2 protein chains.
Amino acid sequence: MVGMRDVAREAGVSTSTVSLVVNGNGYVSDSMARRVSQAMQQLNYVPNELARNFSRNRTNLVGIIVPTIRHPFFASLAASLQRALYERQLRTVLCSTADVDQDVSQYVDMLRRRAMDGIIMGAHAVYPANYWSSIDRPIVAFDRYLGNSIPSVGSDHSQGGRLAAQLFVQTGVRHVVEIGGPRTHYQTAAGMQSISLGSVRIAGQTTFPPIRYHLAFERTLRQAGIPYNYIEIESVARMEEFRQAAHKAFETYPDLDAIVAPDLAAAFCVQEAIGRGRAIPSDLQVIAYDGTYVADLAGIKLTSVLQNVDAVANALARQMVTEIQGQTSAEPTAEQADKDDQSAEGPQPGMLPKPTSQAPAQPAAQLEPGVRNELIPMSIKLGESTRWQGRLEDLR
Amino acid sequence: MVGMRDVAREAGVSTSTVSLVVNGNGYVSDSMARRVSQAMQQLNYVPNELARNFSRNRTNLVGIIVPTIRHPFFASLAASLQRALYERQLRTVLCSTADVDQDVSQYVDMLRRRAMDGIIMGAHAVYPANYWSSIDRPIVAFDRYLGNSIPSVGSDHSQGGRLAAQLFVQTGVRHVVEIGGPRTHYQTAAGMQSISLGSVRIAGQTTFPPIRYHLAFERTLRQAGIPYNYIEIESVARMEEFRQAAHKAFETYPDLDAIVAPDLAAAFCVQEAIGRGRAIPSDLQVIAYDGTYVADLAGIKLTSVLQNVDAVANALARQMVTEIQGQTSAEPTAEQADKDDQSAEGPQPGMLPKPTSQAPAQPAAQLEPGVRNELIPMSIKLGESTRWQGRLEDLR
DNA sequence: CTGAAAGCGCTTACAG
DNA sequence: CTGAAAGCGCTTACAG
């Protein structure tokens, strides 16, 4: 293995100079630079990044924790994240919890042991109150709340839920079914209170902001006096459950005439509808929630409420870089970090897309003030599975 | 930061002993081990993997190069690969070429600079003859041939193509359309000869074994005297192209009554068929090639020819471990490695699933003898989009 | 079974 | 602008 020392000897300079040339920083005279470059070429020198990372105490690796990369939404997010991180000189390490049957804590340990520079946390996990803050390494949460010291980025699900509900209300539906994730994810969201789950006491650390979609959706329908039921999917990692949920919706509520469901479940609902001879959208309307490409494959183009995956990924990457920089420079203790959060005036100006539609007071899902939290607007894409013909702007 | 030295001091031992305890190898007396463990706990010691990796010259990172993780097939493969690698103590680095607009060479550079221990190559790239062999670092190819020094793993596409064609032949189709990938990927496959592409001379380095699917499919149909056409997708990374290809199939060949296409294109074909009032499978049969979950979402359950993603992933991971071990122990030169390949008697016994159906002589797609190459059988899953009612075993 | 010591290949103040 | 030297936190022969 030819190393810097060899290059230095060949060029008749010190390793410091070689280092400066390799990294292109610092001042090196042209003649020196040329001599070094020639020596590098001659010896076919390849810098050893392992050594470099070790001296700098950086890996340039960010782990993205997701339930499963098989799921089209997380595949999409991972793709966008890889791009967003790459642009910032960071590589992406796949950390899925369901594909690998691996606990989140294993990945957190890697972070602790400095095998990664940071973690983007986008999977479900319940830990005691100070678990996340005590890690004291760069972590950014996606679509969840992990405590005041952990910045988070998520879609504006209140808006998403309202949009979906409005679309139904405006077209005069009579019985709506929502297919959604496990309600257990919602529990600690209620008022951010501590709750008891078996013998474990859990503080409001694992709040799951997407509950806002559910709450906003339900409230909008209730205000319009439209009957509504919820069907639960146990795990988003098992494809089969989406199909079962779709089946259950039709079996349990034969008179349903509107469904909002995650893309995959929505696609299966179309199959159920076709099988049962229900006409879409005249007899039954379907909205896909999340808006991945699956919504386009379902035999009929689905109307969908979509997350802006690219914007989410950019925000996550940006926050991650901030966290990593904060770590390498100040090296603040967990306590300091927590204090900093309190004094921060919420999301950075210019970063937070202005709320196109402000949600009414909704204490159950509100984050505490001062938390670095970025909300990304959602949007709606009309397909052939709904009847709304008006302007999108009227859906507010 | 508390390091090994601190632990050693606290426990009154040398760092060597601490190292032994941390890694659980070597012989350490119980009392020593206890003392060290206590000291580690007391000081809240976290081993620094960066330092560890540096001394060992290992990162435990494997890059998986795919066109895009958004594509359901590659998402599926990535999920399985992550599991298979994780079981072997290897982490997965996402390296997509389309999501990031990143050349393969960037990832190869990371490999050279030892930012990763190895690369699994599953995306298209054309390089001069000795490009891959000259890298002399662990590389395993998926579904492609990168030269004799690079082991490869892929599905038995000959078998897959034959299965699909038989299914059509047996049900008496009259006009078949195949939607498939860019034919440019096929060019160097023809006889493994060197060809000229513009001014660049390309040796048979980038052979693309999936062409065998195409060849076997075409040949089987020709033997049965069934008219056949090919529609080309430019890039698998652009979702929209699948839809366009589906549309084009119906427009160009209005009398088609059988389609085989990648999952995504097949799903769009179903939409086209529904839109045009073509009944599936009575009037039109569809086979999805690859068999991801998309085949289940298309409004009707699609019959599909599927790759055994888990088996592929296991084989890839196994080969990767072999490559990495070979690297750390022997440190052979590229020339030696090449010689080794020649003398190796093909795939390891017990690793190669016995070919359930031997392809007839097919020189155009045959690998050279002695190349480490593993073929994973494909299978067929009957859905509602084909008419075959017989036993699967009769499709040979 | 344990310890002293060299070494992994870079980066980075610090002198000059 | 350049060089000598310390240091990053481990692992690993090598003595004992």
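User: Which strand does β10 (residues 258-262) of chain A pair with, and how many bridges join them?

Analyst: Five bridges join β10 of chain A to β11 (residues 285-290) of chain A, and the two strands run parallel. Two strands pair if DSSP finds at least two bridges between them. Helices (H or I, at least four residues) and strands (E, at least two) are DSSP runs, numbered from the N terminus. Within this pair, A:Val260 stands opposite A:Ile287 of β11(A).

User: What kind of model and numbering is this?

Analyst: This is a predicted model, where local features need pLDDT of at least 70, side-chain atom pairs count only at pLDDT 80 or more, and totals for chains, interfaces and linings use all residues. Residues are numbered from 1 along each chain as its sequence is written, while chains are lettered from A and ligands numbered from 1 in the order in which they are written.

User: Back to the sheet. What is the strand order in chain A?

Analyst: The order is β9-β6-β10-β11-β12-β14, six strands in an open sheet with mixed pairing. β9 (228-232) and β14 (378-381) of chain A each have a single partner strand and stand at the edges, so one side of each is left without a neighbour in the sheet. On average, neighbouring strands of this sheet are turned by 20 degrees against each other, direction ignored.

User: Which helix packs on the sheet?

Analyst: Helix α9 (residues 211-223) of chain A does, touching β6 (176-180), β9 and β10 of chain A. The direction of α9(A) makes about 175 degrees with that of β6(A). Axes are lines fitted to C-alpha atoms, for helices over the stretch in contact, and angles run from 0 to 180 degrees between N-to-C directions. Contact between two residues requires C-beta atoms, placed from the backbone, within 7 Å.

User: Switching to the dimer side. How many residues of chain B are in contact with chain A?

Analyst: 44 residues of chain B are in contact with 44 residues of chain A. On the chain B side, α4, α5 (72-86), β2 (91-96) and α11 (263-275) each give two or more residues. The largest share, eight residues, comes from α5(B).

User: And how does that side of chain B divide by class?

Analyst: It divides into 24 nonpolar, twelve polar and eight charged residues. Here Ala, Val, Leu, Ile, Met, Phe, Trp, Tyr, Cys and Pro count as nonpolar, Asp, Glu, Lys and Arg as charged, and the others, Gly among them, as polar.

User: What joins β2 of chain A to β2(B)?

Analyst: Three bridges join them, and the two strands run antiparallel. A:Thr92 has B:Leu94 in β2(B) as its bridge partner.

User: How do α4(A) and α4(B) cross?

Analyst: Their axes come within 9 Å and cross at roughly 150 degrees. That makes α4(A) roughly antiparallel to α4(B); the cut-offs are under 35 degrees for roughly parallel, over 145 for roughly antiparallel, 65 to 115 for roughly perpendicular, and oblique for the rest. The residues in the contact are A:Leu50, A:Ala51, A:Asn53 and A:Phe54 of α4(A) with B:Leu50, B:Ala51, B:Asn53 and B:Phe54 of α4(B). By class they are six nonpolar, two polar and no charged.

User: What about α2(A) and α3 (residues 30-43) of chain A?

Analyst: The axes of α2(A) and α3(A) come within 10 Å and cross at roughly 90 degrees. That makes α2(A) roughly perpendicular to α3(A). α2(A) contributes A:Thr17, A:Val18 and A:Val21 to the contact, and α3(A) contributes A:Met32, A:Ala33, A:Val36 and A:Ser37.

User: Last topic, backbone geometry. Where is there a cis peptide bond in chain A?

Analyst: Between A:Ile280 and A:Pro281, with omega about 5 degrees. A:Pro281 is in the loop between α11 (263-275) and β11 of chain A. In chain B, the peptide bond from B:Ile280 to B:Pro281 is cis, with omega near 5 degrees.
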